[in-house]
Amino acid sequence: QVQLVESGGKSVQAGGSLRLSCEASGSILSIKSMAWYRQAPGKQRELVADIMRNGSTNLADSVKGRFAISRDNVEKKMVFLQMNSLKPEDTAVYYCNAVIEKALLRYDYWGQGTQVTVSS
């Protein structure tokens, strides 16, 4: 079991920056990857960025060059999403995700979400 708590969402103007944080607790050592997803009103949840246990990262094309995902490399229980040059289309609820794989089964854990609103 993994519990995730996000923070950092707020309302900002276009061109601004935000840093989202996600703190994991529970079976941290079993986590294979962590990620940020977002869901805008009326749209499906989409992957924004993820980071593997080995530290490799992946960013959605829509945020490349503007967002960056990172983590604390000591306890590996905090994941961050640095968002720069924010656009109104980045407005969404941002969710932290953790994946555990056990006996070839994938288990996804989700935080409660944090709202990011970008005004033009």
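Okay, hi everyone. Keep in mind as we go that we're looking at a prediction.

Let's start with the open sheet. Four strands make it up, in the order E1-E3-E8-E7, and the pairing is antiparallel. At the edges sit E1, residues 2-7, and E7, residues 67-71, each of which pairs on one side only. On average, neighbouring strands in this sheet are turned by 15° against each other, if you ignore direction. If you want a spot to look at, take E3, residues 18-26, and E8: they run antiparallel and 6 bridges join them. Within that pairing, Leu-20 stands opposite Leu-81 of E8.

Now over to strand E4, which covers residues 31-39. How many of its 9 residues are buried? The count is 7, so to speak, and E4 is mostly covered. Which strands does E4 pair with? One of them is E9, residues 92-102, which runs antiparallel to E4 and is joined to it by 8 bridges. You can find that pairing at Met-34, whose bridge partner in E9 is Ala-98. Another is E5, residues 46-52, again antiparallel, with 6 bridges to E4. There, Trp-36 has Ala-49 of E5 as its bridge partner. E4 and E5 form a hairpin with 6 residues between the strands, and in that hairpin Gly-42 takes a positive phi near 75°.

As a bit of background, strands of a sheet pair through backbone hydrogen bonds, and they can do that either parallel or antiparallel. We've had antiparallel examples, so here's a parallel one. Strand E2, residues 11-13, pairs with E11 in the parallel sense over 3 bridges. Val-12 is the residue opposite Val-118 of E11. E11 also pairs with E9, in the antiparallel sense and over 3 bridges, and there Ala-92 has Val-116 in E11 as its bridge partner.

Stay with E11 for a moment, residues 114-119, and look at where the side chains go. In a regular strand, side chains alternate between the two faces of the sheet. Here, Thr-114, Val-116 and Val-118 point to one face and are buried.

Thr-114 deserves a stop of its own. Why does Thr-114 count as buried? Because its relative accessible area is 10%, and the cut-off for buried is under 20%. Leaving out neighbours within four places in sequence, its contacts include Glu-6, Gly-8, Leu-20, Ala-92 and Tyr-94. Gly-9 is in contact with Thr-114 too, and the backbone nitrogen of Gly-9 lies 3.1 Å from a polar atom of the Thr-114 side chain.

Next up, charges. Side chains of opposite charge can pair when their charged atoms come close. In this model the count is 7 salt bridges. Let's follow Arg-38. Arg-38 forms a salt bridge with Glu-46, with the closest N and O atoms 2.7 Å apart. Arg-38 has 6% relative accessibility and counts as buried, whereas Glu-46, at 36%, counts as partly exposed. Arg-38 also meets Asp-90 in a salt bridge, 2.9 Å from N to O. Where do those two sit? Arg-38 is in strand E4 and Asp-90 is in the loop between E8 and E9, so this pair ties together parts that are 52 residues apart in sequence. Both Arg-38 and Asp-90 are buried. Through shared partners, salt bridges join Arg-38, Glu-46, Arg-66 and Asp-90 into one network.

There's another salt bridge to point out, between Asp-108 and Arg-106, at 2.7 Å from N to O. Asp-108 is partly exposed, at 32% relative accessibility.

Last stop: rings. The count here is 1 aromatic pair. Tyr-37 and Trp-110 have ring centres 4.9 Å apart and planes at 65°, so the pair is edge-to-face. Tyr-37 lies in E4 and Trp-110 in strand E10, residues 105-110, so the pair ties together parts 73 residues apart in sequence. Tyr-37 is buried, with a relative accessible area of 17%, and Trp-110 is partly exposed, at 36%.

Methods:
Residues numbered from 1 in each chain as written. Predicted model: local features only at pLDDT ≥ 70, side-chain atom pairs only at ≥ 80, totals over all residues. Heavy atoms only, no water. Buried < 20%, exposed > 50% of the residue type's maximum accessible area, 1.4 Å probe, protein only. Helix = DSSP H or I, 4+ residues; strand = E, 2+ residues; numbered from the N terminus. Pairing = 2+ DSSP bridges. Salt bridge = Lys/Arg side-chain N within 4 Å of Asp/Glu carboxyl O. Axes fitted to C-alpha atoms, helices over the stretch in contact; angles between N-to-C directions. Polar contact = N/O pair within 3.5 Å; in protein donor to acceptor, adjacent residues only side chain to side chain. Contact = heavy atoms within 4.5 Å. Phe/Tyr/Trp six-rings, centres within 6.5 Å; stacked < 30°, edge-to-face > 60°.
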